[in-house]
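Thanks for coming, everyone. Please have the sequence and the model open. I'll walk through a few local features, then the pockets.

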Amino acid sequence: MLFDTHAHLDDRRFDKDRAELLQTLPEKGVRLLMNPGCDLPSSYAAAALARENSWIYAAVGSHPDAADKLTPAVLAAYRALCRENSKVKAIGEIGLDYHYEDVPRERQIEAFRAQMQLARELRLPVIVHEREAHEDGCRIVEEFPEVTGVFHCYSGSAEMARWLTSRGWYIGFTGVITFKNARKAVETAETIPLDRIVIETDCPYMAPEPFRGRRNDPGYVYRMAERLAEIRGVSPAEMRRVTFANGCRLYGIQEEMP
């Protein structure tokens with residue numbers, strides 16, 4: 001009973017064995033999966049994957065690295081995808097990334113705001129990618145109090161996470177939580193409410209220990225649940241149950257608990 005709330009199964013690294021991998025995931029306890037887009041082509045791919053698989057859902061949006069390609073026509077395409085496909089449950093992944101700054105900060109901020117506006121219009125949650133842009137990210141969150149969602153692959157402070165969760169946001173934990181040097185992630189996991197925690201692989205990136213260095217896939221999401229259970233002093237089964245329910249609530253998915 002696991003919900004991988006952020007996976008990129010449309011990535012080309014799955015092209016050779018995507019169908020075979022999907023067949024194995026239910027056997028590994030992965031019952032639900034969210035596949036967000038990063039630009040218009042990957043958003044179309046995510047929506048198609050969701051149509052073809054009853055247990056997969058999609059999000060559509062432009063990642064900060066694609067912010068310079070966000071046009072009114074692309075926004076209109078995202079709007080249409082959301083309205084035409086009931087499996088599209090969020091806008092994402094969107095946000096800010098100041099680590100490499102392949103796209104100028106001003107353009108990233110403009111694209112982030114435009115997609116937050118779209119989420120507000122459609123009354124959908126957002127999936128936020130935020131890296132080394134904490135101040136600007138929080139400022140934009142404050143500009144849109146009606147919009148909430150998840151800060152995925154969370155890299156901020158525990159204090160910032162508490163600020164976000166107090167406003168209705170969720171915090172996504174990837175394989176980083178299993179790394180030996182994951183001090184900030186552990187501090188965050190220790191202090192935020194259990195009902196605001198979701199787990200994700202962000203595959204094919206950042207496989208958890210002891211699989212670090214391999215291509216990541218949703219079959220490894222159980223490791224995040226195990227590590228978070230250890231940090232919070234609950235059983236792995238309880239952490240799976242809680243994070244599954246949290247993911248369903250985050251994305252407005254009506255799913256009966258097993």
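Ser62 counts as buried, because its relative accessibility is 4%. Buried here means under 20% relative accessible area, exposed means over 50%, and partly exposed lies in between, with a 1.4 Å probe and protein chains only. Ser62 is in the loop between β3 (56-60) and α3 (72-84). Helices (H or I, at least four residues) and strands (E, at least two) are DSSP runs, numbered from the N terminus. The Ser62 side chain makes a polar contact of 2.7 Å with the side chain of Tyr78. A polar contact is a pair of N or O atoms within 3.5 Å; within protein, one must be able to donate a hydrogen and the other to accept it, and residues adjacent in sequence count only if both atoms are side-chain atoms.

A word on the source. This is a predicted model, where local features need pLDDT of at least 70 and side-chain atom pairs count only at pLDDT 80 or more, while totals for chains, interfaces and linings use all residues. Residues are numbered from 1 along each chain as its sequence is written, and side-chain values use heavy atoms, with hydrogens and water left out.

Now the backbone. Most residues other than glycine have a negative phi, and most peptide bonds are trans. Which residues does a cis bond join at Glu93? Gly92 and Glu93, with omega about 10°. Glu93 is in strand β4. Another cis bond joins Glu209 and Pro210, again with omega about 10°. Pro210 is in the loop between β8 (197-199) and α8 (222-232).

Glu101 has a phi of about 55° and is not a glycine. Glu101 sits in the loop between β4 and α4 (105-122), and is partly exposed at 36%. Arg123 has a positive phi of about 60°, and is not a glycine either. Arg123 lies in the loop between α4 and β5. At 78% relative accessible area, Arg123 is exposed.

On to the rings. There are four aromatic pairs. Rings of Phe, Tyr and Trp (its six-membered ring) pair if their centres lie within 6.5 Å; planes under 30 degrees apart are stacked, over 60 edge-to-face, the rest tilted. Phe211 and Tyr220 are stacked, at 4.2 Å centre to centre and 10° between the planes. Both Phe211 and Tyr220 are buried. Phe3, Phe244 and Tyr251 form one aromatic cluster.

The charged end of Arg105 is over the Tyr98 ring, 4.1 Å from its centre. Arg212 does this over Phe179, at 3.6 Å. The rule: NZ of Lys or CZ of Arg within 6 Å of the ring centre and within 35 degrees of the ring normal.

Last, the largest pocket. On a 1 Å grid over the protein atoms alone, a pocket is an open set of points where a 1.4 Å probe fits, with protein on both sides within 12 Å along at least five of seven lines; lining residues have an atom within 4 Å of a point. Which residues lie nearest the centre of the largest pocket? His63, Glu93, Asp97, His129 and Asp202, out of 30 lining residues.
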